[in-house]
Amino acid sequence: MTALHISHVSKSFPGVKALNDVSMTMQPGSIHALLGENGAGKSTLIKIVTGIYQPDSGTVSMDGKPVRFANLRQAAAGGLGVVHQERNLVTRFSVGENILLDRLGRNALSRVDYASLHREAEKWLKLLDLDVDPRTIVSRLSVAQMQLVEIGKALSLQSRVLLLDEPTASLTPNESTVLFRILRRLRDDGVAIGFVSHKLEEVFDICDRVTVLRDGQNACDSADLSTLNRGDVVQMMIGRAERITKRAPRVRPDAAPYLELKGYASGLGHRDIDLAVRPGEILGLYGLVGAGRSELAKAILGLSKQLAGEVRVEGQPVQIASVADALHRHGIGYVSEDRKAEGLILMHSVLANGGITIWRRLANAMGFLRDSTINAGVGPVLRRLELKTPSVYQTIGNLSGGNQQKVSVAKWIAAGVKLLIIDEPSVGIDIKTKAYLHDLIHELAAQGTAVLLITSDMPEMVDVADRILVMDGYRIKGAVENDRNYDAVSRRIMGFIHAQAA
Amino acid sequence: MGDQRDSRLTQTFDNDWIGPGIVSLAAIVGISLFQPAFLSSFNIFVLLSAISVNMVIALGQLVIIGLGQMNLALGSIGGLVAISFVGVMEKFGLPVPLALAFALGIGIAAGMASGYIIARTMISAFIITLAGLQIFKGINLGITEAQPFYGVPETVKAFGNGSVFGPIPWLLVPMVIASLGMWVLFNRLRIGRHILAMGSNPHAAEMSGIDPKATIIWAHAISGLLAALAGVMLAAKLQIGQPTIGDDWLISSFAAPVIGGALLSGGRVSVAGTFFGVVIIAIITQGLVMFNIDPFVVQIVLGGLILWAVGINRLREVRIARVQARRGAA
């Protein structure tokens, strides 16, 4: 008996055929990977299954019976639980209340029975080996615990089918391991689990079936994963074999550091930070989630008070007061990990987003800005980055994640920064764009830009960085020269992190 | 276990009403030291009457603040209800209970109408209730032609101006009932929890299977009901169906909840804090009058008070963020 059967589903939006005759079959007691690059149609498919979109043709059935949910609530009632990529918890409420938020009472004026609510929630927390009191306020939990609470929420609906959209995106490797143990147990209990991820290592670790989408079509339909290897899957995703980048070790420039921190302490909690990045150098900053890397970037940009130590730009001691100061006086740019919240203004055009850093420079004597002037400044960079957009006046929110990321890098290149801090450049980016961004970072460095790269993606770090600083608990734990020998380098990095834990 | 009790203790002192409560107390003590007449039975009666009406008004705004929205039409609903309440008694001779039911019904209907349009169109509540403000006020003026209704029965006048005993006005009774009701709503009823969930994180609430439309309509209906109750109370207190009732509710309806620790972005409200917010505003208004200080100073002080309150809220948020960052680092 199939738990969830998607049969020949098609869906069009004005101008785009998002899904074309897509099928997928999920069995109870199986973990089924749903893979595809950004824009391949994964989200559309999930939205059709959960009733947010209705298919143009084709059917979805559960346990052999056709279903057509009108909304998420109906889907949940029908035994389909979804854990979305973004956190969907009310952080001011307790864990238990979050798990049972839609079942607080029979009608609007029903009294909430907290005692039995927390008893009920406890059951699901136990099932997930989550040792927290259901009365705990969610904002006190770690990101991983929140993730598990969301899974508990989906399970508490007696879901027989559980869809997880990038559940490990914000988890550390250890936390992922815990999550996988629980997923395996749920699988053994007969739950059908759908697993969307960009991390192929994870997919091969815990999935047994795989469906790959490419350009809205099945590249494969519910294949047995054990018959495939990594290369096969990548081939299906991008239509060609993955370019295994084995870059030659680069010559490290021996120029004087562009930015140097000595014994630096920030108001965010950083202590004793020593760091130097030279023009043309790519300095990696590795650490687990919560190590304080993005926070360090923000402190450098002047978003936190400097409590101790020294900051030097081109050898001169400086005080960076604000992001504007960092950009206009010291030539430091920051590509945020949170593209949607900090990187781009989604409602504005490509041109407005790309030109935002140089408005000040481009304004004419009267203070007026003209589109043509901005286009002259930003256009060449966008063309160089092979940005795919119908026009520079397109609203940037309508572009794919990869193309958005290109614009968020482009605006700093257009500004001609001397130091670019790039934070998690490939979160939510497909493999093709990711490789492209890596090339771009190298190209920038070759032209003399100093790059500070922050990433939790170990292969990316080893592929791109020249030298890697390991961070944990808001301190630098050690430095590793990157000879691009993946096993040795990653082992040394993890050594620094675990030495602290012991 | 010790840890848990510890956090409960800090929670108590972290409560939103502690600060405004202490300020209220200090203001009462301070003013009465200089003006013993401040604590006279008559003055307390006047203060409590004002506090009672203003608290119900503030609760009407509080429920919408909890949702993360605003209700600019609160006062115009109250005004429309007040003239309707007195009007149907004067023109049609409706008995008081029927007139009351009719008046409260108008408030609920007006609130539901705003709520329905907001939920249906998802246009910001600011705009919809701004339009509502004009429409309800227009209906009010169309009916009254800017002339008050005078036909307030003696029983109603007595309710608006009499005392249960000593300095305790009858108006306190509906206020206490409304306050307790709202406390239960926010802390114990499904709809109240859903309103706060929507206010904290609308996306999460929707993704959790909460019906956002129904929640919005409920909240505005409750707000309309409270506006109506305040309108009736004020008509009883003034002994007249005055068309201008509600015109001056807006500022204090936001000021009291904010002084009481509510976040305008939604999801966090305190009924007790709002009460002390109302008390502070009443005491300062009254106190400054007793010291013969110009009324414009009262406005400046009130403005300063709002700034102080949002400043405190902001400080608390920053502190929480810092603690979380530190926990992340540990």
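**Helix packing, cores and the chain contact**

Let me start with one pair of helices in chain B: helix H3, residues 41-66, packs against helix H12, residues 250-259, at an angle of about 75°, and their axes are 8 Å apart. Please keep in mind that this is a predicted model. Since angles of 65 to 115 degrees count as roughly perpendicular, H3(B) and H12(B) are therefore described as roughly perpendicular to each other. On the H3(B) side the contact is made by Asn54(B), Ile57(B), Ala58(B), Gly60(B), Gln61(B), Leu62(B) and Ile65(B), which meet Ser252(B), Ser253(B), Phe254(B), Ala256(B) and Pro257(B) of H12(B). By class, the residues of this contact comprise seven nonpolar, five polar and no charged.

Now to the cores. The largest nonpolar core has 170 residues, and the members that touch the most others in it are Val56(B), Val81(B), Ala228(B), Leu229(B) and Val232(B). Helix H11 of chain B, residues 212-238, gives this core its largest share, 17 residues. If we leave aside residues up to four places away in sequence, Val232(B) touches Val81(B), Ala82(B), Phe85(B), Leu100(B) and Ala103(B). There is also a second, separate core, with 74 residues, including Leu275(A), Ile413(A), Ile441(A) and Ile493(A).

Finally, where do the two chains meet? Here 22 residues of chain B are in contact with 26 residues of chain A. On the chain B side, helices H9 (190-200), H10 (202-207) and H14 (295-329) each supply at least two residues, and the largest share, five residues, comes from H9(B). That side of chain B, taken by class, has ten nonpolar, seven polar and five charged residues.

Notes
Residues numbered from 1 in each chain as written. Chains lettered and ligands numbered in written order. Predicted model: local features only at pLDDT ≥ 70, side-chain atom pairs only at ≥ 80, totals over all residues. Core = buried A, V, L, I, M, F, W, Y, C linked by C-beta atoms within 7 Å. Buried ≥ 20, exposed ≤ 12 C-beta atoms within 10 Å, placed from the backbone. Helix = DSSP H or I, 4+ residues; strand = E, 2+ residues; numbered from the N terminus. Contact = placed C-beta atoms within 7 Å. Nonpolar A, V, L, I, M, F, W, Y, C, P; charged D, E, K, R; others polar. Axes fitted to C-alpha atoms, helices over the stretch in contact; angles between N-to-C directions. Parallel < 35°, antiparallel > 145°, perpendicular 65-115°, else oblique.
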